[in-house]
Amino acid sequence: MKKVIIVISLVLMIITLSACSSIPDGNETTSTATNEASQTASESTTKKPQATEMKVNISINGKTFSATLEDNEAAKELYEIIKNDGLTIGMSDYSGFEKVGALGHTLTSNDKQTTTEAGDIVLYQSNQIVMFYGSNSWSYTKLGKIDDLSGWEEALGSGDITAEFSVG
């Protein structure tokens, strides 16, 4: 009788241990596959759909540059103005590193201390556009960036300019 109890105990112990352990054999278990499928489904429902990039063209002194706008309220407002009416801004040189011009509209600003670089386009005081060909540190709302800086500094020149913004 003792032998039967010992044998039954050993069999139960082996069954219990084999159910608790996993031996890697290169195949996923059903529970692992189910957990991964559940995690993938959860991730796909929580990811935000990507917004399409807002692209604008800026013509200066006969040369056109493409810019990608930021994903923020001010840039969206600017994009709508450009898309609906186009936008032409007279801009003046300031301190040998930027061009500044009145927008003629007030945009939602979210100014943050920023160190700019050539090609950055920012909003200053909610109603002025600043385009950089140098660098500066100040509190701005970033609007966008020139995609390809080839000829950028030369197009901006040293005096006043007219920048024509368009979509497409």
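This is a predicted model: local features need pLDDT of at least 70, side-chain atom pairs count only at pLDDT 80 or more; totals for chains, interfaces and linings use all residues.
**Aspartate 120**
I started with aspartate 120, which sits in strand β6 (residues 120-124). Is it buried or exposed? Aspartate 120 comes out buried, at a relative accessible area of 3%; I count anything under 20% as buried. I then looked up the polar partners of its side chain. The side chain of lysine 145 makes a polar contact with that of aspartate 120 at 3.2 Å. A polar atom of the aspartate side chain also lies 2.9 Å from the backbone nitrogen of glutamate 117. Skipping neighbours within four places in sequence, I listed the contacts of aspartate 120: Val130, Met131, Phe132, Lys142, Gly144 and Lys145.

**Cores**
Next I went to the largest nonpolar core, which has 31 residues. Ile58, Ile60, Ile129, Met131 and Phe165 touch the most other members. Helix α3 (residues 73-85) gives this core its largest share, 6 residues. Another core, of 6 residues, lies apart from it and includes Phe97 and Tyr140. I also checked isoleucine 58: beyond four places in sequence, its contacts include Phe65, Ile121, Met131 and Phe165.

**Helix α3**
I followed α3 end to end. Its 13 residues reach 18 Å from first C-alpha to last, close to the 18 Å expected. Which of its residues are buried? I got Ala74, Ala75, Leu78, Tyr79, Ile81 and Ile82. They cover an arc of only 160° around the axis, so they fall on the same side of α3.

At the N-terminal end, asparagine 72 caps α3, with a side-chain oxygen 3.3 Å from the backbone nitrogen of alanine 74. Just after the helix, I found glycine 86 with a positive phi of about 70°.

Key:
Residues are numbered from 1 along each chain as its sequence is written. Side-chain values use heavy atoms; hydrogens and water are left out. Helices (H or I, at least four residues) and strands (E, at least two) are DSSP runs, numbered from the N terminus. Buried means under 20% relative accessible area, exposed over 50%, partly exposed in between (1.4 Å probe, protein chains only). A polar contact is a pair of N or O atoms within 3.5 Å; within protein, one must be able to donate a hydrogen and the other to accept it, and residues adjacent in sequence count only if both atoms are side-chain atoms. Contact means heavy atoms within 4.5 Å. A nonpolar core is a set of buried Ala, Val, Leu, Ile, Met, Phe, Trp, Tyr and Cys residues joined through side-chain atoms within 4.5 Å. The expected span of a helix is 1.5 Å times one less than its number of residues. The arc is that of the directions from the helix axis to the C-beta atoms.
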